[in-house]
Structure formats: C-alpha cells, structure tokens
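Biologist: Please take a close look at one part of this model, the nonpolar core, and then say what the aromatic rings do.

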Amino acid sequence: MSESNKENGENPLDIDSNNFNSEMYLECLMKLATLKQVMDKEAEIVKQSQFLQSEMQTLVYENYNKFISATETVRKMRSDFQIMQEEMNKLSENINKITSFSSQISDSLKESGTNVNRLCSTRQLLDKLQFLFLLPSQLNKAISENRYADAVHDYAHAQRVLQKYGNQPSFQSIQSECSEIIFGLKKTLRDRLTDPDTSASELAESVGLLRQLQETDTSLQDIFLSCAESRLDQHLKGLSILVERTDILEWVEKCNNTLLADLGIVISCYHEIFQDKDNTNLPEFGEKVMSQVFQLFEEVVKRPENNGTEILIRGLDKFFRKLQAMSEIISSDTVSQKALDVVIQCVRHKASLQYQSIQSQFKDSLMRVRQTLASKGTESVDLRDILNSLQVYLLQKIQASLLDLKAFLQNNLSFGLKPWCAKAVADSCWTVISETLISLSDMVKKMACLKTSNNIPFELLLILAKLCLELQENGVTTLHNHLIKLLEEAAPGLTVDNKDTNSVMVHLSTAAQSALDSEVVYIGQTAAQMLRVSVLARDWLRAPEPRGPRAVCRRVVETLASADSAASQLFPTSVKPSSDSSRRTIWSRAPSSFSPINRIFSERIEVFSPAGADRGALSNGALKVALKALVECVRLRTFGKHGLQQLQVDVHFLQQRLSCMGNDERLLNALLEDALASAQLRCVDPQLMEPSIVDIICERG
Amino acid sequence: MDEGNSIIYGLEHQTRALSPQYESDAIRFLIGTQSLKPHSNQVHVVELEEDTGALHTKVFKHDIGEIWHLRCSPHDVATLLTTHNSYDPETSQCTMGVSIFKLPTVEVIPKDLDDLSAIQGRNAEEMEHLKTISPEKPEEEIRCAEWHPTDVNRIGIVYENSVIVHDVNTGAALASASPEGKSRLKFTGGKWNPHQGHCQFAVLQDMHIKCYDTRTDCSKPAWSIDNAHRQLARDLDFNPNRQFHLASAGDDAALNIWDYRNGKEPIFSRTDHSHWVWTVRYNTYHEQLLLTGSSDARALLTAAASICDMDEDGRRLSQVLEDGVLQSYEQHEDSVYCAEWSAAEPWTFASLSYDARLVLSRVPRHFKYKILL
C-alpha cells in the first residue's frame, strides 16, 4: 500500500493525499485484498488514527498554555501603560516650564552678548591700527635686517588702508612716514641695482620688489638694463684688458663664461620679470652689448699672436657656437647676422694676412734677386732660372695659403659646412689670388715708373715683365682651376661662381707692358745719354782725322748688346727679316741732297712707343731711343771736315754692330742715315770719306 | 684753315728760330734760317691775311750768320733780336753773337705792283743793323737772348754758364748770374719772369729750372725747381695770368706745369709726345691752351683746364675743356723746334720744323666756342 502511495501522490487511493477518496479506497481495498489483509489494514489504520488523535491533543494543549501566558502579558502591559502615560504627562509639563525659563534667560543675556561682540570688533580694529602705527618701525626694522621682501609685503598690506583713510590727519603722518621709508627703500633697492657687486639673482629680486612697489615698467626696465649694462661693461673692460694678454682661445673661453653667460642671465631675468611682449628695449640692448663684444673680438683676431690658422679657427669655432646660442636668447636678427659676419670677417682677415705675407715674402725674394743681379755680371746669371724660381715660389705660396684657408671648411667646425662660409672662403681664396697678382702688377708698375727705375737693374724689369706675362697666360687659369678643385674637395657640391680672371690678366699685362717699356727706355736712355754727352762735349770743328770709332760707340754697342742678350734669355726671338741689305752702306744714297722729299717716303718713327714682348722689338725700341738722340744732338753742333768723317766712321761702326739686333733694319738705317745727313748739313766743309777707308778704319778699330 | 687745314709755308734752309711780331694788328711771324753757307741766311716775315687766308711774305738778309734764336721786340713792332753763329774759315772757329735789327718796313702785304714784283722776285731786303753784342770769350756759346718785358733798354742773354743782362745801347753787362763753383751743368735756355716786377730771369740748367734775381750779380737762384724733368729740360714758359705757374718741356717727352712755390711735384703733367719736347707756349689770352713742339715731328695743342679753371680756393669754376691733347698737328716731317701763338689773334699759331716748313694753324672751332661760350 505504501508503495502505491509512493507511486502516485495524487492517487485518490493514497490515504495521506488531499484527494483521498475513502469510498474508492475501500472499494479498491475490498477488491484487491484478502480478508486478512483488510483486517490488517483496519488494525493499522485504527492504530494510526489513534496516534494522530493523541498528537492533536498534545498540540492543543501546548498552544493553550501559550495563549494563556500571552493573555497575562497583555494584561500586565495594560497596567504598565497607564503608569507611563502619567509619567509622560509630567514630562511635558516640565518641558514647558524649561522653555519658559530659557526664554527668560535668553532675554536677560541678549544685552551683554552685543556688548561682547562690539568689544571683539573694536579689538580687531585696534590690532590693525597698532599694525599701522607700528608699520614705520616695522619697516625700518625689516629694512635694517635686509628683509626687503617682508617690508614690501607689509607695506603693500597697509597700502590699501592708508589709501582709504589717508585723509585722516592721524594717518597722514603715518602715510608720509611710510612713504619716506619706502622711498628710502626704493632708493636702497635702486642703489643695489646699480651696485656692480650685486649678483644677477639679487638683481632680479630687487627689480621684482620695485615692481611691487609700483615703479613704472619702462623706468624699471631702463634701470635694470642700465645696471645690467654697467655690470656687463665691467666684463667688457676685463675682456678688453685680456685682449692684450691672452691668446684667442683663452679670451673666447673667458668671454663665453663671463660676459655672454651673464648676458644670457640678464636676458632671461628680463623676460621673467617684465614679460614684455613688445620686446622693445631688449634687442637693442643685446645688440649694443654684442656689438662691443664683436669689436673686441675683432681686436683679438687682429692680434698678431692669433694669426695661426689652427688657433684662430678653434677660437672662432668656440665663439661662434656660443654666439649661435646667444642669438637664440637675444632673438635678434642683427646679432645672428653679425655672428655670420664675424666668421666671414675672420676668413677675410686671414686671407688678407695671407696675401700680405705673400707680398712681403715676395718682396724679400725680389730683394735677393736684386742682390744677385747686382753682385754678378749679366753673363753669369741665368735669368730664366731666376724667373722660374720666382714664379714657382709665388705659385707655391699662393697655393699654400689657399690650403690654409681651406681649414675654415673642416666639417667638425660649427660653421664648416655652411654655404655662406664656403662662399666666404671661396671669395677670400680668390681675393688672395687676385690681390697677390694685382699687387704684384702694381709693384711692377711702380718699379717701372721711370722716376724710380734708376736703381732697378734692367734684367729685373725683364724678369718681372716675363713673370707677369707668364702669370697672365698660364698662372691665373692654373690658380683658378686649383681653387675650384680645392673647394670641390672641401665642400663637394658647392658651386662657386667663376671669378673675374680677366681683370687680373689685364692688370698683369699692363704691368708687363710698362715693365718692358721701362726697360726699353732705360736702356735706350742710357745709350742716348752716352751719345748725347759725347756729341755735345766734343769739339767737332777742330777734330783730328778719325782713327777709329770713338770709344763711346763701343760702350753704346756693349750696353745695347747686353740688354739684347738678357732679353734673349727670356723672350722669344721672332723670325728676323733677311739681312742681305746689311752690307749696304748708308751713304750710297747721296745724302747731300737732304730734303724733305726723302722723308715723305719714310715712315714716321715713334721713338717712345710701346715695346713688343720679343727680343727684337725690345732691342729695336732701345735702338730708336739711342739713335734718335744722336740725330738731335748732331744737329746742335757744327762740324769740321774731320768731325764729319769721324761721325761717318761712328755711324758705320754702329750700323755694323747694331744690325744684328732689333727686328727692323730699315729703321736702324734710316736713323743712322739721318744722323749722318744732319751732320753733313751742320758741316762747314762737308766731305765724306771713301766707304772703303771707313770700312778699313772700322775693322782696325 | 679753321677746319684743321693748316697753311704751309716752305723755306730753303733749315730753321730753328721763330717769333710772333708783337704790337701789331696783323698775324705776323718772323722766321730765321740756319745755314752754315756764308751769306745765305735770311729773316722771313710771314703775314696771314685773316680774311682771305692768303700768306704774304717778305725776306730780309741776315748775313751776320745762321740764326739760332729770334725774338721780336715787345716794345717796338719793327725791332728784332737774333742769336746767331758764324764760321770763320780763317781761324776755323765759330763765333756767336746777339744782334738787334730794325725792319725798314713792317708792311708785308703789297700795296702796288712794284711791291708785288719785288716780293715775287723774293729779293731779300736789307735790315737796319742797330747793335751786336759779342761774348767776352769768342768761343763761348750763346743759347738765346730775350727782351726785357718792360724795359726797352735791357736784354737778357743766356750763355753756356751764365746769364747776363745787357744794355741794348751800349752792350754793357748790367748784371750777371752764374751758378756757384765750376758747375759742369750748362744752361740750355731761359726766359724773363713776366711777374715779380720783371726782375727775375729763369734759366734751364740740365734737368733743373733756376730763377735768378737780376737786380744784382748773384750765384744763388731766387727759386728753383730741381729735377723738373727726368732728362734735359728744353724750354719753359710762364703763365701770363697766374704769377706762380710755369710750363716746362724736356727730353722725357713730358709737358709739366709747376707752381714754383712748391717745386716738388708738377701740378699738371702729360706725356703725349713720343720724343723730346723742344718748345712749350702758353696762349696769351687763354691760359688753358698750351702749344708744344717735339722732335717726333708733331705740334700738339693741349688743354690744361683743370688747373687754370680754379679760383684761389681751388674750387672749379666751370667745366670748360677736358684735360689732354685737343689736336695733334702732323703736317711736319721733321723735328718741330719752334711753335708760337700769334700775338695779334688768340686762336692762330705757327709751328716750325727743321726741314724749313712753317705751318700756320688755328684752334679748332668747337674748342674755341667751348672756351668762349
């Protein structure tokens, strides 16, 4: 049965279920179970009912007890509440009483409370007043203890009150006293500003305080800057003294550490304090200081002990680095531009040193050449050698100085690879080349100037002329190419404008020309002078019969020949016209018929004319000068028969000896012919000798 | 002639002496010939007829010898002074002298047919010989003789080694100046200083210019310009208007102008000739025009406006002419030893070359207008 109960809870047959149907259960039980089982079942159910009955009784019993105790409790509570009610009533009564009392008390205390309040506020006021009255002494004390900041703070505190009540007579005195003190303070602060010993931070503090004391900004800025300037001035003075004493490295070090560092502090302080948007004063100030620095630096650079390229470049590098930093701080275009200028200036300075030294060295070597020429005869000196050594010397010097200048382009330098620097170096290199060559030209021109040429050996003039010509033809282009190659190595990719080689060449060629002209005139004049003196001094009227050419003719020929041989060492010999006519004697054309007609057919002879750069032209020039002088001098004299014949011998001798020189024999003959014709005109008894006798006399001579 | 076409006049003998005729309204020049042949020397008077451009000449005999130097008198139109040289075959020696002549007539342009035929025949006329002054030593050479600018009776004669002022009438030496000691540097020529009271005589001594005071005998110059030229100095001329300016020319082919108060450096210098410069002349009316003659067979007209065109403080008054050669006259074929401005007409000048050719030329018209306007 229990199984069936378990199987189905809803089972109406389950006795414990709510759907239990006793009828069905009985029916089902009757049908299914045996009697015995029914009997058992009955017994069991009875038993169970009994058990349930007793259990129910127990429960009732228990609950009943609980109910009773609860009832009792409720009863007890009812009685307690009553007491409570009474108590509460009493309490409310008491509270009411207290309330009334307290209002009474508060009424009575109100008056004294307001009194106390008034007293408190009075006291505060009195405190303030005391502060005010004590302010002067406080200020004095603070100032005397150098607590300027406190003093300024106090004063700023009191300032408002004083301003508010300043019209009260009692405050007026305080205010005036305070003003005085503050005035003094300001003065102290200003003094401190101008005091050179104040440090930069103290300076900033002072300026800050003054600003709090409502000094106007511009005047403060002025003061700040002026006192900063005075401090910087001291540095400048120190540096300017150092210029004399130290080398550039030390100087730059010192300058960077003192002056430029301080300038940086000053500028940053200025920005901090004033936050000046316009920045009107500062760049000007910075530029002013920097310009002085630059000036000093220039002096330093110019000191001869700083001429070494290495030291100069290192110093410049240091300086330039600092300057770049500085120009950012100063934020002035002028300063940064000036920094570039400083480098460029240095390059130029170096270049000018270079060419000056080249120039002076070249002058020295010229002096040596002059000595060599003076000490030896012309024959023993190889002019070509001298020329070569001078030329090589000059070119080497120039190339060396170009190399030296190239050091400015080293890429570890702060300015080394900048295009502007490269340009400056390129320009300076070219300056070295062109200045050297131009000054060489000028020197040659000056030496060639006739007034000074008296002491200059003509060989030197020839050498210099040739030197100028060679430089003009090759040297300039060689150096220019060399320069371009150097720059290509140092700064690849840098484009250098082609330099104006032409003007240099023009200088050189004009110098060469004037040297040649001078040489020609010098030789010509020397010979002319000999001829002039000899013609003018001789008594031609009463001269003895000629025995040979006069000695002066030999000397003239020697002079001209030595110049010719010197020229031949240096200048090419152009092809000489055939000298068949040299055998022709001059007087074959009857010279007695001296008439203008002869001259119409001969070309005009320019005596002092530009000399050509070859041996023949040079000798020709000298010949012209000498022989034209002979013609003119002959015309000033009067000749006797023998005088004329003597001149005939001289002329013949000259013609023989000189016809190998020069490149224009017609000219030589024309001049000699002219001399002889003039002598015939000036002769009282014009009888010439037989040409054969003249020949013999000349041979014998 | 105005357009550079110069008028040429030829003589038979070599010539070295030329002088304009002063105190006359006509453009006249006197030329002296130089020939060693006896009785062949002449003085030619050449007149340029301004209107027609025709040349008229008259010839006078100068039998006393070849003429080295000739000066017309600034005081009398007909009087002239020649420095001459003659050869004496007997002693076979040359003698020099200075003579004063008077022309019988100053008129050159023929008035009637007789005159014309006489001139066409070129018959040399006689001059009136007034005086000859001979050197103390017969063989002493005379360089030149110059009329005193104001004193009719005085002439200055430059000898080789001294300058002597002579009285014209007696020939007596009034004053002499000779360099100290036995200087070997001979005189080349000289001139009176037209300023300074007409008592200074400037001489050329080799490369130097020395000026002596003729009021007394002296051996020291009143002033000098040492090394005025790098070679021999050949000629000098005083600026007619500026009392301290003078021009000099020499064998260095240079024309230099000096302020002789400071004779270190010339205030103007040009080297335009290509040989010795033998003569230099200031234009009497326009001091910026200078005429030079040289043995390069050229006469050059040079402007030195920059130094003449200044007031006392050295400011430039106007920009009239560029300095330098205005015109080169190349009609000569031999050395030009003489060049002279006409005394009557400021724009005409004559140049004389050794080959006996006189060239009369005029300042080109555009320069003339530039100066005048």
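Biologist: Which residues in the largest nonpolar core touch the most other members?

Modeller: This is a predicted model, in which local features need pLDDT of at least 70 and side-chain atom pairs count only at pLDDT 80 or more, while totals for chains, interfaces and linings use all residues. Residues are numbered from 1 along each chain as its sequence is written, chains are lettered from A and ligands numbered from 1 in the order in which they are written, and side-chain values use heavy atoms, with hydrogens and water left out. A nonpolar core is a set of buried Ala, Val, Leu, Ile, Met, Phe, Trp, Tyr and Cys residues joined through side-chain atoms within 4.5 Å; buried means under 20% relative accessible area, exposed over 50%, partly exposed in between (1.4 Å probe, protein chains only). The largest core has 172 residues, and Trp251(A), Phe297(A), Phe319(A), Phe408(A) and Leu437(A) touch the most other members. Helix H14 (residues 458-490) of chain A contributes the most, 17 residues; helices (H or I, at least four residues) are DSSP runs numbered from the N terminus. Leaving out residues up to four places away in sequence, Phe408(A) touches several residues, including Leu312(A), Cys346(A), Lys350(A) and Phe415(A), where contact means heavy atoms within 4.5 Å. A second, separate core of 20 residues includes Leu135(A), Ile174(A), Leu189(A) and Leu209(A).

As for the rings, those of Phe, Tyr and Trp (its six-membered ring) pair if their centres lie within 6.5 Å, with planes under 30 degrees apart stacked, over 60 edge-to-face and the rest tilted. That gives 11 aromatic pairs over all chains. Trp192(B) and Phe201(B) are edge-to-face, 5.1 Å centre to centre with 80 degrees between the planes, and both are buried.

Methods
Helix = DSSP H or I, 4+ residues; strand = E, 2+ residues; numbered from the N terminus.
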